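The sequence and the structure are shown first, and the description follows.

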Amino acid sequence: MAADRINRLIWLVDTIRHYGRITRSEINRRWRRSEFSRGEDLPSRTFHAYRQAAQDFFKVDIVCDPATFEYYIASGDGADVTHWLLDTAFTREALSGAGDVADRIILEEIPSARQFLAPSITALRENRRLCFDYLPYYRSQTSRNIVIEPYCLKLFKQRWYLTGRVVGEDRIKTYALDRVKALALLPETFVSDGFDAKEYFKNAFGIVVGAGDVKKVVLRVDARQAKYFRALPLHNTQQEYVHDQYSIFHYQLRLSDDLVSELMSYSPMVTVVEPPELRAMLTTRLKQSLAAYSQ
């Protein structure tokens, strides 16, 4: 598909997504003000052709409400991925014409995406096993020929992680793609057992799920930091209770080292109110940090 046509599809989906619900006449008005229109209307036939192409390309449903004649994007199981793909497409398009200021645009690297992301997605799509060698940071020896039935991919802090059932161990594990040393897509297929990725990670912060119970995590956050949490929630279970000088945030989470590290990065703007186990974990880590500086 030609780049200009893709950009038009991106424009249409993003316009509808931005307004939530929008009439055909309002879409046309905004089209006339866009870079694609040359000041001309968007013909009905062209609009519906773009609408169908956008649905096929981005795997979204652009629905018309017969009561109000407003168009909107129906949310589905893949809504998060669709929004991420659209944001990525917009970023790529914006940066494609930025060569003259490239030295003034600083990006974050996601190194694991280059080599192993594409075959991992293929394995997910076709329910095919993967075989790879793996060397985590905490080991000196490489684990060879790990065979996994991939269930899902997750992006966390600039790193891609692959979760699936390890053949031979018959348990679910998560691997960082940037620690994979070799990866092969196997011809063997498997039958998915109904694994629900969102449910699996529902109460996890990061990629460590853990076996502990889900805890109510309560944080006291100063007013300035609360604005950041509002804009970019710490977790999707976040609930906020606003006070004059601070906010109280509630979460439903399993406790993990990833969560402790994240909370430490916000000290002293964020204080753990409960549970006591998390307060103890954080206190221990803080004491260890102070001891390292006192030596």
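Ser34 belongs to the loop that runs between α2 (24-32) and α3 (44-58); helices (H or I, at least four residues) and strands (E, at least two) are DSSP runs, numbered from the N terminus. The model is a predicted one, in which local features need pLDDT of at least 70 and side-chain atom pairs count only at pLDDT 80 or more, while totals for chains, interfaces and linings use all residues. Residues are numbered from 1 along each chain as its sequence is written, and side-chain values use heavy atoms, with hydrogens and water left out.

With a relative accessibility of 15%, Ser34 counts as buried (under 20% relative accessible area, with exposed over 50% and partly exposed in between; 1.4 Å probe, protein chains only). Its side chain reaches the backbone oxygen of Trp31 at 2.7 Å.

## Aromatic pairs

The structure contains 15 aromatic pairs. Rings of Phe, Tyr and Trp (its six-membered ring) pair if their centres lie within 6.5 Å; planes under 30 degrees apart count as stacked, over 60 as edge-to-face and the rest as tilted. One of the pairs joins Trp31 to Phe36 and is stacked, at 6.2 Å centre to centre with 20° between the planes. Trp31 and Phe36 are both buried.

Phe229 and Tyr266 form an edge-to-face pair, because their ring centres are 5.1 Å apart and their planes stand at 80°. Phe229 lies in helix α7 (residues 223-231) and Tyr266 in the loop between α8 (257-264) and β12 (270-274), so this pair ties together parts 37 residues apart in sequence. Phe229 and Tyr266 are buried as well.

## Cluster and charges over rings

One aromatic cluster is formed by Tyr151, Phe190, Phe195, Tyr200 and Phe201.

Two arginines are placed over tyrosine rings. A charge sits over a ring if NZ of Lys or CZ of Arg is within 6 Å of the ring centre and within 35 degrees of the ring normal. Arg179 lies over the face of Tyr137, at 3.9 Å from the ring centre, and the charged end of Arg220 is over the ring of Tyr246, 3.8 Å from its centre.

## The chain as a whole

The chain has nine helices and 12 strands. Of its 295 residues, 35% are buried. Among contacts (heavy atoms within 4.5 Å) with a separation of 6 or more, 57% involve residues 24 or more positions apart.

Key
Polar contact = N/O pair within 3.5 Å; in protein donor to acceptor, adjacent residues only side chain to side chain.
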